[in-house]
Amino acid sequence: MRSVRRAAVVAAALIAVAGLAPAASAAAPVAAASVAADPAASELGTYWTAARMAAALPVDADRPVALAPATDGPQPGEYIPPSRSFDGIPQAGAFFWTDATGAGRTCSGSVVRSPGRDLVLSAGHCLKGYAGTSPLRHLGFVPQYHDGEKPFGVFPVVGNGVYVAQEYYDQGPHAGAEYDFAFAVTGPNQDGERLEDATGGVQLLTDTGYFHAPVRMIGYPAGAEKPLGCWSWTTAWVSDDPAEPGTFPRIACDAFTSGTSGGPMLLPWFGGWAVIGLIGGFHTGGNTPQVSYSAHFGAATRALYRAAVTGAPPAAPRS
């Protein structure tokens with residue numbers, strides 16, 4: 001009975017917020033003097049054509065596009081909120097890069113507020129290959145990418161600008177699933193704009209528990225012309241997989257397939273948005289397109305954020 005009552009309350013909240021969604025804008029960009037343009041931004045803007053972005057492969061290519069047998073899938077009779085394609089919001093976007101073979105890769109991310117106004121949040125399993133001095137291979141972030149367009153340009157990730165928790169490197173994506181988050185420090189775009197000055201940012205929240213409603217999840221399926229958006233709610237999922245222990249935020253939203261990893265889970269927040277999770281964590285975000293997970297944001301997330309905003313040396317795999 002408790003679960004039925006909770007579902008009814010959440011459904012009512014979703015209906016109310018869905019009607020108000022257009023008014024729930026993100027924090028407005030702040031007018032600021034341009035900094036020196038990064039030559040890498042122009043190079044990335046030229047390299048990442050609409051065709052190359054559309055052809056980029058998801059880093060989480062093993063995430064199925066159809067329901068697969070898994071303990072972490074939808075529960076019998078569970079309501080799965082629908083998703084829809086839309087033009088996105090300025091604070092969410094897609095990473096693009098090339099792997100060691102030269103193939104294009106992609107993941108999702110969101111702009112978080114920071115003193116340097118240059119920080120993007122994503123999943124650890126998306127960015128872990130760029131620790132330390134690893135070659136960045138055309139690595140850049142495209143806010144509000146849609147229909148082959150780059151409305152704010154491309155923001156290159158700076159050298160030594162990828163922050164992944166040391167625990168994630170040490171334990172790997174399974175045993176270290178609770179640390180599946182990352183930050184990337186960006187340089188200015190081709191116009192000399194800092195990222196957050198151009199797009200605004202979302203507030204990073206930590207230690208807020210597991211149950212949140214309403215939650216707006218946004219992600220970029222690889223090869224899609226537009227991002228997906230979905231309104232739902234999060235609950236706690238206690239892992240039943242001994243290889244991936246922990247408790248994770250869980251959210252049901254339909255059609256979140258490969259490429260959506262790193263996409264934010266957002267709450268309406270004082271005229272803008274706050275991020276309380278991202279697609280990742282348990283089973284690197286889930287084994288089905290209907291149910292997604294996040295690592296819980298807590299002390300380790302705050303520590304990694306502090307490292308990124310203070311310019312501390314980033315962690316790296318131990319030799």
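**Figure 1. Burial and fold of the protein chain.** Of the 319 residues in the protein chain, 52% are buried (under 20% relative accessible area with a 1.4 Å probe, protein chains only; exposed is over 50%, partly exposed in between). This is a predicted model, in which local features need pLDDT of at least 70 and side-chain atom pairs count only at pLDDT 80 or more, while totals for chains, interfaces and linings use all residues. Residues are numbered from 1 along each chain as its sequence is written, and side-chain values use heavy atoms, with hydrogens and water left out. The chain has seven helices and 15 strands (DSSP runs numbered from the N terminus: H or I of at least four residues for helices, E of at least two for strands). Among contacts (heavy atoms within 4.5 Å) with a separation of 6 or more, 76% join residues 24 or more positions apart.

**Figure 2. The nonpolar cores.** A nonpolar core is a set of buried Ala, Val, Leu, Ile, Met, Phe, Trp, Tyr and Cys residues joined through side-chain atoms within 4.5 Å. The largest one has 47 residues, and Phe95, Val112, Leu121, Leu127, Leu139, Phe183 and Val275 have the most contacts inside it. Strand β7 (residues 155–164) supplies the largest share of this core, five residues. Another core, of 13 residues, lies apart from it and includes Leu205, Leu228, Cys230 and Ala274.

**Figure 3. Surroundings of Ile218.** Ile218 belongs to strand β10 (residues 212–219) and is buried, with a relative accessible area of 1%. Beyond its neighbours within four places in sequence, Ile218 is in contact with Phe86, Ile89, Ala92, Pro227, Leu228, Phe256, Gly263, Pro264 and Leu266. Ser83 is 135 residues from Ile218 in sequence, with 9.1 Å between the C-alpha atoms.

Figure 4. A cavity is a set of points on a 1 Å grid over the protein atoms alone where a 1.4 Å probe fits but cannot get out; lining residues have an atom within 4 Å of a point. Grid points are joined across faces, edges and corners, and a volume is the space filled by probe spheres set on the points. Helix α3 (50–55) and strand β3 (92–98) each supply at least two lining residues.

**Figure 5. The second largest cavity.** This cavity holds about 50 Å³ of space. Thr208, Gly209, Tyr210, His212, Thr234, Pro249, Ile276, His296 and Phe297 line the second largest cavity.

Definitions and conventions:
1 Å grid on protein atoms, 1.4 Å probe; cavity = no way out; pocket = protein on both sides within 12 Å on 5 of 7 lines; lining within 4 Å.
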